[in-house]
Structures are given as C-alpha cells and as structure tokens.
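Here is a short tour of one protein model, meant to be read with the structure open beside you.

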Amino acid sequence: MNTCDNKKIKAVFFDQDGVLFNSMPYHAQSWEWSMNKHGLPFTAEQTYRNEGRTGASVINEAYHLIHGVEAPQELIEAIYADKSARFNELTGGQLPELIPGIREVLQYLHENGVQCWVVTGSGQRSLLSKLHDTFPGIFSGIITAFDVTHGKPDPEPYLKAWERSGFAKEECAVVENAPLGVRAGKAAGLLTLAVNTGILPDEALWAEKADRVFPNMTELLHFFQQ
C-alpha cells in the first residue's frame, strides 16, 4: 500500500461515472438493452466489471466472448449509438444526480489549492458537455475517450492527465470506483483511492491493488482532511 502525505497532493484525477455522477445504473440498463438488441447477451454486472473502458472496447469485449473476433466497426457504431440514445431516454436528457458527498470533496480540494481533473473513458457528450456547468470553476482539465488511443485499464488516460498537470507522480492521486479504473491508476504509478459506489464487492477493488477503499465520499473527504 502506498503511503500518502496529504499535504503533498497537488492534483487529484477523478473518474466521472460512479464518482461524480450516479450514472452507472442508467449505463447498465442502456448497455444491457443495446447489446441484447444486437444479439450480444450482456448483464448489469458486466457493465460494472467493464466500467472505465471506452465504448468501443466494451463492445469488442462482449463480441469477442461470443464470436472470438473483434466486432465490425459498423456494429460498434450502431450499438454505441443505440446505447447513447437509450441513456438519454432514461435520463430524460438531464444529468444524473450527483454521487452524495462529491461536491464537498471537490470544493474542499479546490479551496485548498489542489487541482481537480476528470479522467473518464466516457464518450457520452451529454455528460461531458455539462461538467463545467455542474462544477463551475472546479476542473483544471478533462481527459476523455476522445483524448486517448487506449482507454482504461490501460494507464494512458491517467498518464496523460499526470503529464498535463505538470506535477510529480507522488503529488498526484486517482479517485476511482471501478476495478479497471483502479488497475489503470496503479499501472500509471499513482496513489489510487477507490470509493465503492456500485454493486461489486469491495474485494473487486482490493484485488486490483487499490491503496485505500472507502464506503462513501464522506470517508474520502475525511482522508483528504487528515
């Protein structure tokens, strides 16, 4: 387990779905519906297990399980278009509710001079476009599916955020809720803090070598305040 001197942390990289927004239940329903529509059996648990991957990667993983090869590009585009439309239908085009306590975490860090970044595998423009409106003046940068070649669990998204931040690795931390996101943060060589906001057991996060696992954002805030 990494040790952490909170006074040295100058940038924190936050995942989006399940960390900022309680959007994962809608994603799970959307993925299950769109995959099954195109003949790919898919469950809510698979959504949480694959959380953090780009949409194309999620589809490829599901397709490969059934057919043993990568999905055709036109199928990837069709499934993701259906998935995005279903997500917007379920949310009524509105942002999902915030994860309880996340605004307090972000405000505390911001007020204490710590940079806050978003690092997400999402290409869901309906969410991405509203981040700054929801958290005005909070985020120093955003890394999305459009900025990387390899999504989580590859470390590229977090490495890109770290490089752009300009800080040393020991001055940065990751906040994740997903096993593959934890794997990406650890592979990037960064302190990786997990908050279990989903349906998977804590062991799924510990198994990916999370440095800490918290039950909620209030406990994460207490960690930063120490």
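## Salt bridges within helices

Glutamate 89 and arginine 86 sit three residues apart in helix H4 (residues 73-91), about one turn of the helix. In this predicted model, their side chains meet in a salt bridge (2.8 Å, N to O). Glutamate 89 is exposed, at 56% relative accessibility, while arginine 86 is partly exposed, at 22%. An α-helix has 3.6 residues a turn, so residues three or four places apart point the same way.

How many salt bridges does a search of the whole structure find? There are nine. One of them joins the side chains of lysine 10 and glutamate 171 (3.0 Å, N to O). This pair links distant parts of the chain, 161 residues apart: lysine 10 lies in the segment before E1, and glutamate 171 in the loop between H8 and E4. Glutamate 171 counts as buried because its relative accessibility is 18%, under the 20% cut-off.

## The sheet and its helices

Now to the sheet: six strands form an open, parallel arrangement in the order E3-E2-E1-E4-E5-E6. Strand E3 (139-143) and strand E6 (212-214) are the edges, each pairing on one side only. Neighbouring strands are turned by 20 degrees against each other on average, direction ignored. E1 and E2 run parallel and are joined by four bridges; phenylalanine 13 has tryptophan 117, in E2, as its bridge partner.

H5 packs on the sheet, where it touches E1, E2 and E3, and its direction makes about 155 degrees with that of E1. Helix H9 (residues 179-187) also packs on the sheet, touching E4 and E5. The buried residues of H8, including Pro157 and Tyr158, pack against E1, E2, E3, E4 and H9. Just after H8, glycine 166 takes a positive phi of about 85 degrees.

## Nonpolar cores

The largest nonpolar core has 29 residues, and Phe14, Leu20 and Phe224 have the most contacts inside it. Among the elements supplying at least two residues each are strand E1 (11-14), helix H5 (102-111) and helix H11 (217-225). H11 gives the most, with five residues. Apart from this core lies another, of 13 residues, including Phe13 and Trp117.

How values were computed:
Residues are numbered from 1 along each chain as its sequence is written. This is a predicted model: local features need pLDDT of at least 70, side-chain atom pairs count only at pLDDT 80 or more; totals for chains, interfaces and linings use all residues. Side-chain values use heavy atoms; hydrogens and water are left out. A nonpolar core is a set of buried Ala, Val, Leu, Ile, Met, Phe, Trp, Tyr and Cys residues joined through side-chain atoms within 4.5 Å. Buried means under 20% relative accessible area, exposed over 50%, partly exposed in between (1.4 Å probe, protein chains only). Two strands pair if DSSP finds at least two bridges between them. Axes are lines fitted to C-alpha atoms, for helices over the stretch in contact, and angles run from 0 to 180 degrees between N-to-C directions. Contact means heavy atoms within 4.5 Å. A salt bridge is a side-chain nitrogen of Lys or Arg within 4 Å of a carboxyl oxygen of Asp or Glu.
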